Amino acid sequence: MKRRTLPVAVACAATTALLLTACGGGEEKAGDNDKIAGADQGAETPKESTKPSAAPAEDRPDGVDVSLPKDMNLVFDWEKPKDKNEAAAMEDAANFLRAIYRGVDKRTTKDAAVTAYATGEGLHYAEVQINEWIKGGWTATGTLRHYDAATRSAENGNSVEVAFCADSGRFFGKELETGKILRTKPSIEDFDHFKVIMVKHPADEGLWQASKVFVETKAAKCR
């Protein structure tokens, strides 16, 4: 059995608070006024005072280490938006995903990257994902590609929706005890569509945190 990119189906069963949409596939629907879901939600102060960085902590003493093992490759094949806030939110959405897999690698939900780039339901989502990998005795290996990204800002300027596709066709679970890589044949199950609601951190103008995560699994539009 292949370990899915993020066990979103498990997360849906575990909690309704995550508001994960279309856990078994299907289309996501916007609100009546096509507003960003969760746009009025503020961020919470992270457990550790941090600033975003894609570099290892040893390279930036005041930064957050989101580095991953060489065999755990997250690719973000998307263009940076012209809007400054949207560009920053997109970069920290990528850091949010890196933080989750760093937690998988380190076998903990308490890594500074997780608490830096997630808040509220987004933090709960990350913790559920990491814990499922830990319980299963898996880590991850291979290349996980993210693409077809789009952003849109809330009217208040404090929230940005980052939507994108993910292809896990070359990204697999690996049993820690045996080192066995859990491979399967390519299928529609390799494709997910994400909408991550990023919010400004109230005390750090340069930091954006994932506050909500919406997922459409078996996303044909990403194929």
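1. Basis of the note. The model is predicted, with local features requiring pLDDT of at least 70 and side-chain atom pairs counting only at pLDDT 80 or more, whereas totals for chains, interfaces and linings use all residues. Residues are numbered from 1 along each chain as its sequence is written, and side-chain values use heavy atoms, with hydrogens and water left out.

2. Confidence. The chain has a mean pLDDT (the predictor's confidence in each residue, from 0 to 100) of 79, and 72% of its residues reach 70 or more. Among the helices and strands (DSSP runs numbered from the N terminus, with H or I of at least four residues for helices and E of at least two for strands), confidence is lowest in helix H1, residues 8-14, at a mean of 36, and highest in strand E1, residues 72-77, at 98. The pLDDT is below 50 over residues 1-5, a stretch that has 23 contacts (heavy atoms within 4.5 Å) in the model beyond near neighbours in sequence. It is also below 50 over residues 7-62, where the corresponding number of contacts is 123.

3. Helix H4. Buried residues in H4 (under 20% relative accessible area, with exposed over 50% and partly exposed in between, for a 1.4 Å probe and protein chains only) include Leu123, Val128 and Glu132. After H4 comes Gly137, whose phi is positive, near 75°.

4. Packing of H2 and H4. The axes of H2, residues 84-106, and H4 (lines fitted to C-alpha atoms over the stretch in contact, with angles from 0 to 180 degrees between N-to-C directions) come within 9 Å and cross at roughly 35°. Phe96, Ile100, Tyr101, Gly103 and Val104 in H2 meet residues of H4, among them Gly122, Tyr125, Ala126 and Trp133.

5. Disulfide. The count comes to one disulfide (a pair of cysteine sulfur atoms within 2.5 Å), and this joins Cys165 to Cys222 with an S to S distance of 2.0 Å. The link is left-handed, with -75° about the S-S bond. Distant parts of the chain are linked, since Cys165 lies in strand E3, residues 159-175, and Cys222 in the segment after strand E6, 208-217, the two being 57 residues apart. Cys165 is buried, at a relative accessible area of 4%, and Cys222 counts as buried at 4% relative accessibility.
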